Amino acid sequence: MTENGFMDLEENKRPAAFLDRDGVLIQDLGYVYRTDDLHILPGVVEGLRFLHDKGYLLIVISNQSGVARGLFTSEDVDLFHRELQHQILASLGFGLDGIYYCPHHPEGRVPHLAIECNCRKPGLGLLEDAGRDFSIDWSRSFLVGDKDSDVTCAHKASLIGIQVTSGQYEAHCSPDFEISSLADLQNIWSEIERKMIAFGAEPLTSSDVP
Ligand SMILES: [Mg+2]
Ligand SMILES: [Zn+2]
């Protein structure tokens, strides 16, 4: 509540950790869609618990052009994501808050999905979708990905971009931070916070953390 007794909408906002899926949460085996191929990466459980304890929304944003390419269907993706949620819930006791993916690709084979869209990263459509569904404190949100397109997406949205560089891709486009697994976030958290404050976020007090 504010001094005048009105509910302050700002208070209800939560920061979001936008997380790429393949190469950040799970092993990137290339167009993964079979639940047998779902392997959560080392450090993910620790990293998610850390972010959850900090009050972060956990929101996956993922390019899944395999749908447009006709390699698998959106039903396959949904099934895969249900299994991902199930496994995270089983090991952590909480799930991901949202999973958004882009099924498009301009060179796809499925006609209605073979388009230039706004949601394929580095496009901002998935972030915008999440912004409609959640009340997000953007000043404290950030994005973790393993590709340049993730970091570019973060920077286009004026978010801190963190790159997981242990995988198959190297950083070429100046991520704000490089980590080798999601668990590393806790080691560099004070640096991340310092950068958020430098970008204009209000310093947190302990009472802000739910
Ligand atoms: Mg990736
Ligand atoms: Zn798209």
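In this predicted model, residues 1–8 keep a pLDDT under 50. Over that stretch the model has three contacts beyond four places in sequence. Where pLDDT is low, the predicted coordinates should not be read in detail. The chain as a whole averages a pLDDT of 92. A score of at least 70 is reached by 89% of the residues.

**Overall layout**

The chain has 210 residues, and buried residues make up 32% of them. Five helices and six strands are present. Along the sequence they follow the pattern β-α-β-α-β-α-β-α-β-β-α. Take the contacts between residues at least 6 apart in sequence: 61% of these join residues at least 24 apart.

**The nonpolar core**

How many residues does the largest nonpolar core have? It has 37. Those with the most contacts inside this core are A17, F18, L19, L58, I59, L143 and V144.

Now look at A17. Which residues does A17 contact, leaving aside its neighbours within four places in sequence? They are L51, Y56, L58, F142 and V144. L58 and V144 are also among the residues with the most contacts inside the core.

**Helix α2**

Helix α2 covers residues 74–92, which is 19 residues. From its first C-alpha to its last, α2 reaches 26 Å. That is close to the 27 Å expected at 1.5 Å a residue. An α-helix has 3.6 residues a turn, so residues three or four places apart point the same way. Just after α2 comes G93, with a positive phi of about 85 degrees.

**L113 in its loop**

L113 sits in the loop between β3 and α3. Why does L113 count as partly exposed? It has 19 C-beta neighbours inside 10 Å, and a buried residue needs 20 or more. Leaving aside neighbours within four places in sequence, L113 is in contact with V67, A68, P103, H104 and G108. L113 and C102 are 11 residues apart along the chain. Their C-alpha atoms are separated by 9.5 Å.

Definitions and conventions
Residues numbered from 1 in each chain as written. Chains lettered and ligands numbered in written order. Predicted model: local features only at pLDDT ≥ 70, side-chain atom pairs only at ≥ 80, totals over all residues. Core = buried A, V, L, I, M, F, W, Y, C linked by C-beta atoms within 7 Å. Buried ≥ 20, exposed ≤ 12 C-beta atoms within 10 Å, placed from the backbone. Contact = placed C-beta atoms within 7 Å. pLDDT = per-residue confidence, 0-100. Helix = DSSP H or I, 4+ residues; strand = E, 2+ residues; numbered from the N terminus. Expected span 1.5 Å × (residues − 1).
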